[in-house]
Amino acid sequence: MVRVKFRYLLGHVRWQTTTKMNSLDISGIYHYLKNSVKLNFGEYAICRLGWTLNVKQYNPLTGLFIVRCSRSQMRQVWLSLTLLDEINSQKCAISIIHSAGTIRSCNLQAIKHTNSSLLVAKSLIQIKNEKEKYQKKKNKKKKTKKKKNKYLPNTLVKKNKSKK
């Protein structure tokens, strides 16, 4: 008997609207993925996937999920996930971040991805705060500047008197 080799795909769901779909769960992702495989590759592809297709994890806060499939069918599942553009009648984009032979390495990559996205968000917030501080300082300087009279060169007269 031959051992079945699996591949694990780490994916990320990005919603087009600002409100995230909290009603989406593992069975919902499985249902939409199965329909996408059927639409793109037909009934034969679903039969070949069989019991190997499975959604292992889904985090609605980060939008990360892990899908298990057979190694020979990984490309079809990957393409079906990428072509999936609507879930629960809301527009979304799914991208595959990582592909691995074990679920452990997918979990580690998910942690790295979450940490890097948090660092990016933190730096964007810092940049926004610095821009706001700069604008406040700039506005204060504009308010405190006095208008100089072009026709009365007071500074030139004082300099000439002090030299004598």
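User: Which residues of helix H3 does helix H1 meet in this structure?
Analyst: In this predicted model, the H1 side of the contact is made up of Leu 33, Ser 36, Val 37, Asn 40 and Phe 41. The residues of the contact divide into 7 nonpolar, 4 polar and no charged. The residues that H1 meets in H3 are Gln 76, Val 77, Leu 79, Ser 80, Leu 81 and Leu 83.

User: Are H1 and H3 roughly parallel or roughly perpendicular to each other?
Analyst: Helix H1 covers residues 26-41 and helix H3 covers residues 74-83, and their axes lie 9 Å apart. The angle between the two helices is about 105°. Angles of 65 to 115 degrees count as roughly perpendicular. H1 and H3 are therefore roughly perpendicular.

User: Is Ser 36 buried or exposed?
Analyst: Ser 36 belongs to helix H1. Leaving aside residues up to four places away in sequence, Ser 36 touches Ser 80 and Leu 84. Its relative accessible area is 5%, and a residue counts as buried under 20%. Ser 36 is therefore buried.

User: Which residues have the most contacts inside the largest nonpolar core?
Analyst: In soluble globular proteins, nonpolar side chains tend to be buried together. Here the largest nonpolar core has 24 residues. At least two residues of this core come from each of strand S1, H1, helix H2, strand S2, strand S3, H3 and strand S5. The residues with the most contacts inside the core are Phe 65, Val 67, Val 77, Leu 81 and Ile 94.

User: What does Val 67 touch, not counting residues up to four places away in sequence?
Analyst: Val 67 is among the residues with the most contacts inside the largest nonpolar core. Its partners beyond that sequence limit are Arg 7, Tyr 8, Leu 9, Leu 33, Leu 53, Asn 54, Val 55, Val 77 and Leu 81.

User: How many residues does the second, separate core have?
Analyst: This second core is separate and includes Tyr 8, Leu 64, Cys 106 and Ala 110. The number of its residues is 7.

User: Is Trp 51 buried or exposed?
Analyst: The relative accessible area of Trp 51 is 59%. A residue counts as exposed over 50%. Trp 51 is therefore exposed.

User: Where is Asn 88, and what is its phi?
Analyst: Asn 88 lies in the loop between strand S4 and S5. With a relative accessible area of 26%, Asn 88 is partly exposed. Although Asn 88 is not a glycine, its phi is positive, at about 55°.

User: What is the relative accessible area of Ser 89?
Analyst: Ser 89 is found in the loop between S4 and S5. Phi of Ser 89 is positive, near 55°, in a residue other than glycine. Ser 89 is exposed, and its relative accessible area is 65%.

User: In what order do the elements of the chain run from the N terminus on?
Analyst: The secondary structure of the chain comes to 5 helices and 5 strands. Of the 164 residues, 26% count as buried. From the N terminus on, the order is β-α-α-β-β-α-β-β-α-α.

Definitions and conventions. Residues are numbered from 1 along each chain as its sequence is written. This is a predicted model: local features need pLDDT of at least 70, side-chain atom pairs count only at pLDDT 80 or more; totals for chains, interfaces and linings use all residues. Side-chain values use heavy atoms; hydrogens and water are left out. Axes are lines fitted to C-alpha atoms, for helices over the stretch in contact, and angles run from 0 to 180 degrees between N-to-C directions. Helices (H or I, at least four residues) and strands (E, at least two) are DSSP runs, numbered from the N terminus. Angles under 35 degrees count as roughly parallel, over 145 as roughly antiparallel, 65 to 115 as roughly perpendicular and the rest as oblique. Contact means heavy atoms within 4.5 Å. Ala, Val, Leu, Ile, Met, Phe, Trp, Tyr, Cys and Pro count as nonpolar, Asp, Glu, Lys and Arg as charged, and the others, Gly among them, as polar. A nonpolar core is a set of buried Ala, Val, Leu, Ile, Met, Phe, Trp, Tyr and Cys residues joined through side-chain atoms within 4.5 Å. Buried means under 20% relative accessible area, exposed over 50%, partly exposed in between (1.4 Å probe, protein chains only).
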